[in-house]
Amino acid sequence: MVRWNEQTTARGKIHAMQRKLHPLEGIVAVFALFFVLALTIGFAQAQARAQKAVYLRSAAALVQDAATGEEVINKNADSVTPIASITKLMTAMVLIDRGLDLDARIVVSREDVDWKKGTRSRLLPGAILTRDELLNLALMSSENRAAAALARTYPGGTQAFVAAMNAKAAALGMSDSEFVDATGLSANNVASARDLVKLVRAAHEYPLIREYSTRDRRSVMVHGRPLAFRNTNGLVRSSQWEIGLSKTGYISEAGRCLVMQVRLASKELIVVLLDSWGKQSRIGDANRIKRWLELQTASAARSS
């Protein structure tokens, strides 16, 4: 009898303990639910933040709506930096503005050789090309000797040409810019991304610059044999891109640079990417911007 009472008492204590644990378990369950909800909300907020920004490897960048002037992306847009061969857009404008005969034949000279950095060129001294061919190669394949020859044969020579470049920059309101040569090989050719948006906008008004800067390839006759040149911006060969103007640039001081006027996400945009390290990083940044804009557009369409 005593044993039964003890067993009964023990079972009663166990049931009593179980009844006391139920409220604790309920509290734990509530806290667990709140924790899961917080994680879910935090993840959703993180996704929303990610959609509002795009990771770029370029040290400076500016993406602007060409029609409205609205800034879509701004990363160190006022930082002044070397611009390398982006310079050649200014070279082209100054040359075209002067109205020189584009069919005139020009002899590439030893003066056009880059003795400072030692960059290579297949346009050997003595090669004869038209001014039009030199302009095309300077814009399309960033030919340094072509740009140097254009400046050297300008009325008044290279010095007068550089003065005209700086006068044009001032007229365009490019207050952060300075030019010392027509090629961009000098690190003293500098500008901000904000200034280069103005440069691209102005250059896009020239049909010849639009055509030559986006042409895929061109062959020219040099010493009786054809030499084939290709565009330094591989994106012009992609069916996924609608590019109205393009120019690449590179020297060690400037990093990899790229400027374009493009149609993306149903908008006409000016894209400036400066000082991007890594051979393909500027192209990677351009593609990241494209995907991000398309995602933003699709998201806006779903919510409307």
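Modeller: The protein chain holds eight helices and 11 strands, and please keep in mind that this is a predicted model. Of the 304 residues in the chain, 45% are buried.

Biologist: Why is Thr81 called buried?

Modeller: A residue counts as buried when its relative accessible area is under 20%; Thr81 has a value of 11%, and it is therefore called buried. Thr81 lies in strand 3, which covers residues 80-82, and, leaving aside residues up to four places away in sequence, Thr81 touches Asn189, Val190, Ala191 and Leu274.

Biologist: What makes strand 1 and strand 2 a pair?

Modeller: Two strands pair if at least two bridges are found between them. Strand 1 (residues 58-65) is joined to strand 2 by four bridges, the two running antiparallel, and because the requirement is at least two bridges, they are a pair. In one of these contacts between the strands, Gln64 has Glu71 in strand 2 as its bridge partner.

Biologist: How do you know which strands are the edges of the open sheet?

Modeller: The sheet has five strands in the order 2-1-11-10-9, with antiparallel pairing. Strand 2 (71-75) and strand 9 (243-251) each pair on one side only, and these are the edge strands. On average, neighbouring strands of the sheet are turned by 10 degrees against each other, with direction ignored.

Biologist: What packs on that sheet, and which strands are touched?

Modeller: Helix 6 (residues 193-203) packs on the sheet, where it touches strand 1, strand 2, strand 9, strand 10 (255-264) and strand 11 (267-276), and the direction of helix 6 makes about 135 degrees with that of strand 11.

Biologist: Which residues touch the most other members of the largest nonpolar core?

Modeller: That core has 62 residues, and those touching the most other members are Leu89, Met90, Leu123, Leu129, Leu196 and Ile209. Helix 6 gives the most to this core, with seven residues. As a general matter, nonpolar side chains in soluble globular proteins tend to be buried together.

Biologist: What does Leu129 touch, if residues up to four places away in sequence are not counted?

Modeller: Among the residues touched by Leu129 on that count are Ala104, Arg105, Ile106, Val108, Leu123 and Val222.

Terms used. Residues numbered from 1 in each chain as written. Predicted model: local features only at pLDDT ≥ 70, side-chain atom pairs only at ≥ 80, totals over all residues. Heavy atoms only, no water. Axes fitted to C-alpha atoms, helices over the stretch in contact; angles between N-to-C directions. Contact = heavy atoms within 4.5 Å. Buried < 20%, exposed > 50% of the residue type's maximum accessible area, 1.4 Å probe, protein only. Core = buried A, V, L, I, M, F, W, Y, C linked by side-chain atoms within 4.5 Å.
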